[in-house]
Amino acid sequence: MQLLKIRFYQLKRDLGILFFPILALASCISFFAFNHPEKVGLYVVAIIAYLFYSFHKNRGDLAFAYKHFNSAKAQIITEYQLFLLPFSVPVLFTEYWYSFFALHTLVLAIPFLDTSRKIQFKFLFITKYFKNDYIFISGIRKNMFVLIPLIVIAWL
């Protein structure tokens with residue numbers, strides 16, 4: 001479980017003593033979200049599953065993990081299941097107790113999904129106008145799909 005050991009040292013270094021209060025706060029937020037008076041528990045399941053999927057999709061160390069760790073997929077699954085526990089255990093004490101199993105099943109499936117991008121847009125025309133401003137070009141490329149609707153709204 002090399003990946004869990006690395007995560008432990010990262011959390012110890014970054015959070016220190018704040019780890020346990022943040023863990024308790026995450027559990028409280030999960031409990032109150034599932035006990036919301038407007039019965040939004042199933043939406044919370046979808047949101048939590050999407051957050052784990054988004055984290056997995058944008059994760060930069062997957063290639064490193066698959067190359068250097070023994071049974072990397074099993075380690076990633078274990079990591080996700082452990083990090084899901086503060087959000088899923090409080091669900092057992094609500095009327096959405098069955099969501100516990102749905103959450104763990106959804107998060108279990110995430111490492112098996114193919115998250116590689118099929119089409120990569122390069123936006124090569126940007127470099128023609130901004131030759132030496134690499135930070136600006138990188139910002140435009142990363143946020144192009146957000147900037148286009150904002151530009152259209154500004155024109156309107």
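From the N terminus on, the elements of the protein chain run α-α-α-α-α-α-α-α-α, which comes to nine helices and zero strands, where helices are DSSP runs (H or I) of at least four residues and strands (E) are runs of at least two, numbered from the N terminus. This is a predicted model, in which local features need pLDDT of at least 70 and side-chain atom pairs count only at pLDDT 80 or more, while totals for chains, interfaces and linings use all residues. Residues are numbered from 1 along each chain as its sequence is written, and side-chain values use heavy atoms, with hydrogens and water left out.

**Confidence**
- The protein chain averages a pLDDT of 85, with 89% of the residues scoring at least 70; pLDDT is the predictor's confidence in each residue, from 0 to 100.
- Confidence is lowest in helix 7 (residues 125-129), at a mean of 65, and highest in helix 6 (residues 99-109), at 94.

**Burial and core**
- Of the 156 residues of the protein chain, 28% count as buried, meaning under 20% relative accessible area with a 1.4 Å probe, protein chains only.
- The largest nonpolar core has 18 residues, and those with the most contacts inside it include Phe-34, Ile-48 and Phe-52; such a core is a set of buried Ala, Val, Leu, Ile, Met, Phe, Trp, Tyr and Cys residues joined through side-chain atoms within 4.5 Å.
- Helix 3 (41-57), helix 4 (62-68), helix 5 and helix 6 are the elements that give two or more residues to this core.
- Leaving aside neighbours within four places in sequence, Phe-34 is in contact (heavy atoms within 4.5 Å) with residues including Ile-48, Phe-87 and Leu-103.

Methods: Buried < 20%, exposed > 50% of the residue type's maximum accessible area, 1.4 Å probe, protein only.
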